Amino acid sequence: MTSTVATRTAADPGPGSGPGRRDAAAQALLTAIGIGAALVVYLWWSDTGAIIGAAQWITNGARLCGLLAGYTAPVLVLLMSRIPLLDRTLGTDRLARWHAMGGRYMVGLVVSHVMLIIWGYSLTDNSNVVHQTTEIVFHYPDMVKATLGTLLLFGVGAVSARAARRRLRYETWYHLHLATYAAIVLVFFHQLSNGDEFLHDPAARVCWYCLYLGAGAVILCFRFVLPGLAAARHRLRVAEVRTEAPGVVSVYVTGRRLDELAARTRAGQFFRWRFLAPGLAWSANPYSLSAPPGGGYLRITVQERGGHSGALAALRPGTRVLAEGPYGAFTADRRSSPKVLLLAGGVGITPLRALFETLPAAPGELTLVYRAGSEQRVLFRSELESIARARGARLHFLVGARTEIGEPLQTRALLALLPDLREHDVYLCGPQGMVATAREALDTAGVPPRRIHDEAFEL
């Protein structure tokens, strides 16, 4: 199989079509979430009479924290439910950041709720906190389940902390994170059986059920039903595994009706891939397409970084594949200038290689700069050179160890390549350190932050 070079512009809008719409969509979504939180506060306020004494103040603070935590849980689920409209408009990385930030807020609210409710009830009953904790857990309806759910939630929060997350394989963290769903289910019922707001207000109970059941239905639809239907329709299989560089392979996938899949996929997007082979079937890992969809195949290119990525080199032709997606907003929609710089590092070339072939640009206004530690680490050299010739695009390889060539992604070096750098939209993809260095250099060069685009699609 060979990659074809074709400049396709019909599916890609022109400059300026995306950033304003994305920001407006983000503001609208945050406003909707804020309105929901305000309604939860109103629910608490409308059911609260005069507050007299420390015990009542503390207990009502616990009630409010519990309600807000209960509201936050389904909102966080919806943010990561992979609703195509949200994902394409806002981007997986932005939704993931909001989800992670909201998760920290929710854990804080839960901790506050637990501590304040025990303290407030202890003051009310004139008992010590140990006795009151035992009383709440074992004598209040649904509290044993709620306690187990809370402990599960704290466990997920602990493994999701940045320090712990760096020590875990992606697959391990991903499966542990799924325990959040069990925690939400276990905690849900105590809200209705113990919360004054729901005991005295049938309408509030109905709304709470609708919120949680609606979030569950969305998850079921977009993460299970629709991917299952797509799998049955396209019947994807591995066609070939090709070594591109030491520790880097490309996996070519074929199937049925791939023209339909290609029509709704944009260069720069990714899928979550599940290979039905021993040791791989339980993990769905995100990999971006390394070539525009079309020609009867999909291609991903993966560097060995762990058990899942390393095992792809041993895939056999004919292995069944489930591909969930496409996801991500790292596409031509993000651009706001006619001039575009694609800045890649290492295997981060994969989505940029697809964009290099398809992103609309006049001759001389599209530039790809590719940073690699050695000549062996340069991927797709011949493909990139062929695309550059066909499109009249500029192509620069920055190859060599820092000890040999220094840091080539400094402001001065980038301005030497592109004196009008500040007039460009810049798409970044590569290792975290490279992206951070490039962002700093671009900022110093005067490139507006709104024109610097990257997307980290792992949560």
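Helices (H or I, at least four residues) and strands (E, at least two) are DSSP runs numbered from the N terminus. Within H18, the residues Met434, Val435, Ala438, Ala441, Leu442 and Ala445 are buried, where buried means under 20% relative accessible area, exposed over 50% and partly exposed in between (1.4 Å probe, protein chains only). Because these residues cover an arc of only 130° around the axis, they lie on the same side of H18, the arc being that of the directions from the helix axis to the C-beta atoms. The face turned away from this buried side carries the exposed residues Gln432, Glu440, Asp443 and Thr444. Gly446, with a positive phi near 95°, follows H18.

Positive phi values also occur in residues other than glycine. Asn126, with a phi of about 55°, lies in the loop between helix H4 (92-125) and helix H5 (129-139) and counts as exposed at 73% relative accessibility. Asp142, with phi near 65°, is placed in the loop between H5 and helix H6 (143-160) and counts as partly exposed at 26% relative accessibility.

Residues are numbered from 1 along each chain as its sequence is written. Local features of this predicted model need pLDDT of at least 70, side-chain atom pairs count only at pLDDT 80 or more, and totals for chains, interfaces and linings use all residues, while side-chain values use heavy atoms, with hydrogens and water left out.
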